[in-house]
Amino acid sequence: MATAKKAPAKKAPAKKVAPAKKVAVKAAPAKKVAVKAAAPAKKVAPAKKVVAAKKAAPAKKRTPNAAFMKALTLSPALAAVVGDKPLPRTEIVSKLWVYIKSKDLQDKLNKRMINADEKLRAVFGKAQVSMFEMAGLIGKHVK
């Protein structure tokens, strides 16, 4: 029995790769500026942008909330500082600030803290109070 010889496998021909094309980069020519010596240059104002103006409805005046404007009776300790007439809460806080500024009771380093004198210590109950808790502390002294 004769064995058949296998033919050697043919190699696939190598693919030829085209060489990369070189791209020539040309520099853009510089712009030439023409200068006229005879005529003076005119100043041109920049163009104004046109903004579409919205026509808003006329603003309505806010009506104050009646609860904030209600006059409250003061305790004797608070009346010694802001006066003895019934006042709304907003006016009480405003008059407290007038008193604090006039007596220079704001802390020098931390302006948020208020150093109470004898009259304010009766209202606040402590020697130093934050301006944020001041409005809450006067709630005990109004009806």
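Reader: Let's start with α3. How many residues has α3, and how far does α3 reach from its first C-alpha to its last?

Author: This is a predicted model, to be clear. In it, α3 has 15 residues and spans 21 Å from first C-alpha to last, close to the 21 Å expected at 1.5 Å a residue.

Reader: OK. Which residues in α3 are buried?

Author: Ile92, Leu96, Tyr99 and Ile100. They sit on the same side of α3, because the arc they cover around the axis is only 100°.

Reader: Why would residues three or four places apart point the same way?

Author: An α-helix has 3.6 residues a turn, so residues with that spacing point the same way.

Reader: And which exposed residues are on the face turned away from the buried side of α3?

Author: That face carries Val98, Lys101 and Ser102, which are exposed.

Reader: What covers the buried residues of α3?

Author: The cover includes α2, β1, α4 and α5.

Reader: Now the core. Which residues touch the most other members of the largest nonpolar core?

Author: Leu78, Leu96, Leu120 and Phe124, out of 22 residues in that core. The elements giving two or more residues to this core are α2 (76-82), α3 (89-103), α4 and α5 (131-137).

Reader: Take Leu120. What does Leu120 touch, not counting residues up to four places away in sequence?

Author: On that count, Leu120 touches Val81, Leu105 and Gly125, plus Leu96, Tyr99 and Ile100.

Reader: Switching to charges. How many salt bridges does a search of the whole structure find?

Author: Three. One pairs Lys108 with Asp104, and the closest N and O atoms there are 2.5 Å apart. Lys108 counts as exposed, because its relative accessibility is 54% and the cut-off is over 50%.

Reader: Where is Asp104 placed?

Author: Asp104 is in the loop between α3 and β1 (113-115). It comes just after α3 and takes a positive phi of about 55°, in a residue other than glycine.

Reader: Noted. What about Glu118, which residue does it form a salt bridge with?

Author: Arg121, with the closest N and O atoms 3.1 Å apart. Both lie in helix α4 (residues 118-124), three residues apart, or about one turn of the helix.

Reader: Is Glu118 buried or exposed?

Author: Exposed, with a relative accessible area of 63%. Arg121 is partly exposed, at 34%.

Reader: And which side chain does Glu133 meet in a salt bridge?

Author: Lys126, at 3.2 Å from N to O. Glu133 counts as partly exposed at 32% relative accessibility, and Lys126 is partly exposed too, with a relative accessible area of 37%.

Reader: Zooming out, how do the elements of the chain run from the N terminus on?

Author: The order is α-α-α-β-α-β-α, which comes to five helices and two strands.

Reader: How much of the chain counts as buried?

Author: 19% of its 143 residues. The accessible surface comes to about 13,500 Å², and 62% of that belongs to carbon and sulfur atoms.

Reader: Last one: of the contacts between residues at least 6 apart in sequence, how many join residues at least 24 apart?

Author: 31% of them.

Note on methods:
Residues numbered from 1 in each chain as written. Predicted model: local features only at pLDDT ≥ 70, side-chain atom pairs only at ≥ 80, totals over all residues. Heavy atoms only, no water. Salt bridge = Lys/Arg side-chain N within 4 Å of Asp/Glu carboxyl O. Buried < 20%, exposed > 50% of the residue type's maximum accessible area, 1.4 Å probe, protein only. Helix = DSSP H or I, 4+ residues; strand = E, 2+ residues; numbered from the N terminus. Core = buried A, V, L, I, M, F, W, Y, C linked by side-chain atoms within 4.5 Å. Contact = heavy atoms within 4.5 Å. Areas by Shrake-Rupley, 256 points an atom, 1.4 Å probe, with all protein chains shown as cover. Expected span 1.5 Å × (residues − 1). Arc of directions from axis to C-beta.
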